[in-house]
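Student: I have a protein model open and I'd like to learn how to read it. Can we walk through a few features together?

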Amino acid sequence: MTKRIPKDILEREVIGLNLAGRTLAGQLTAPVNLLVFLRHFGCVFCREMVADVRNAATQEANYPNVVFFYQGTVEQGQDFFANLWKEARAISDTPLVFYKALGIERGGLREMFGPEVWSCGLRAVGKGHFIGLPVGDPFVMPGAFLVSSAGDVLWQHDFRHAGDHPDWQAIVPAAAIAKA
């Protein structure tokens with residue numbers, strides 16, 4: 001059985017950056033959409049994630065429509081995305097309604113500070129990303145979902161720790177399979 005975003009969540013009004021409509025459903029403008037949930041704005045991995053998704057999306061014409069979710073105000077989102085991807089579509093979710101609806105949980109000490117996290121931190125720093133001041137709950141895990149325009153969850157990446165990322169380039173084949 002396909003996991004589906006509840007109707008009340010799809011119809012929930014959204015605020016944020018470069019939005020296509022007033023509700024979450026209004027953001028699902030393509031047959032397959034990539035929803036990316038960021039941890040917090042001070043997170044080195046969130047900066048890396050936005051930059052990596054931007055690079056993948058701008059290099060591939062068939063990349064899914066991308067919508068980010070973040071903890072923070074619209075103004076904080078403008079400041080964060082201005083340096084990374086000012087055209088990004090992003091939803092402010094300070095009460096974590098969308099995070100909770102898609103089952104994103106808080107991580108423990110191992111997910112936040114385990115050995116894998118430190119090695120991923122070196123990877124992110126090597127790409128030029130650094131730690132900033134947290135905006136939001138720093139223990140919230142990230143999330144990535146391919147979602148149909150109807151709200152069906154077609155694929156998701158199960159993050160093992162804060163620095164774990166899917167292969168953003170591999171999203172295109174996954175989206176093509178999901179469309180079929």
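Student: How many nonpolar, polar and charged residues are in the lining of the second largest pocket?

Tutor: Keep in mind that this model is predicted. To read a lining, sort its residues by class: here there are seven nonpolar, four polar and three charged ones. The space in this second largest pocket comes to about 180 Å³. Its lining has 14 residues, and those closest to the centre are Gly103, Ile104, Met141, Pro142 and Phe159.

Student: Which strand gives the most to the lining of the second largest pocket?

Tutor: That's E6, with three residues. Strand E6 spans 143-148 and strand E7 spans 152-157, and each of them supplies at least two lining residues.

Student: Let's zoom out. What does the secondary structure of the protein chain come to?

Tutor: Eight helices and seven strands. The chain has 180 residues, and 51% of them count as buried.

Student: Which residues have the most contacts inside the largest nonpolar core?

Tutor: Leu38, Tyr63, Phe68, Phe81 and Trp168, in a core of 57 residues. Helix H3, residues 44-59, brings the largest share of this core, eight residues. Take Leu38 as a case: leaving out residues up to four places away in sequence, the ones it touches include Cys46, Met49, Val50, Phe68 and Phe81.

Student: Now a single residue. Is Asn33 buried or exposed?

Tutor: The idea is to compare its relative accessible area with a cut-off: under 20% means buried. Asn33 has 0%, so it counts as buried. You'll find Asn33 in strand E3, residues 32-37. Its side chain reaches the backbone oxygen of Ala30 at 2.8 Å. Beyond four places in sequence, Asn33 touches several residues, among them Gln27, Pro64, Phe145 and Ser149.

Student: And why does Ser92 count as buried?

Tutor: Because its relative accessibility is 11%, and the cut-off for buried is under 20%. Ser92 belongs to strand E5, residues 90-92.

Student: Which backbone oxygen lies 2.4 Å from a polar atom of the Ser92 side chain?

Tutor: The one of Gly72. Gly72 also shows up in the contact list of Ser92, which leaves aside neighbours within four places in sequence and includes Ile15, Gly16 and Tyr70 as well.

Technical notes. Residues are numbered from 1 along each chain as its sequence is written. This is a predicted model: local features need pLDDT of at least 70, side-chain atom pairs count only at pLDDT 80 or more; totals for chains, interfaces and linings use all residues. Side-chain values use heavy atoms; hydrogens and water are left out. On a 1 Å grid over the protein atoms alone, a cavity is a set of points where a 1.4 Å probe fits but cannot get out, and a pocket is an open set with protein on both sides within 12 Å along at least five of seven lines; lining residues have an atom within 4 Å of a point. Grid points are joined across faces, edges and corners, and a volume is the space filled by probe spheres set on the points. Helices (H or I, at least four residues) and strands (E, at least two) are DSSP runs, numbered from the N terminus. Ala, Val, Leu, Ile, Met, Phe, Trp, Tyr, Cys and Pro count as nonpolar, Asp, Glu, Lys and Arg as charged, and the others, Gly among them, as polar. A nonpolar core is a set of buried Ala, Val, Leu, Ile, Met, Phe, Trp, Tyr and Cys residues joined through side-chain atoms within 4.5 Å. Buried means under 20% relative accessible area, exposed over 50%, partly exposed in between (1.4 Å probe, protein chains only). Contact means heavy atoms within 4.5 Å. A polar contact is a pair of N or O atoms within 3.5 Å; within protein, one must be able to donate a hydrogen and the other to accept it, and residues adjacent in sequence count only if both atoms are side-chain atoms.
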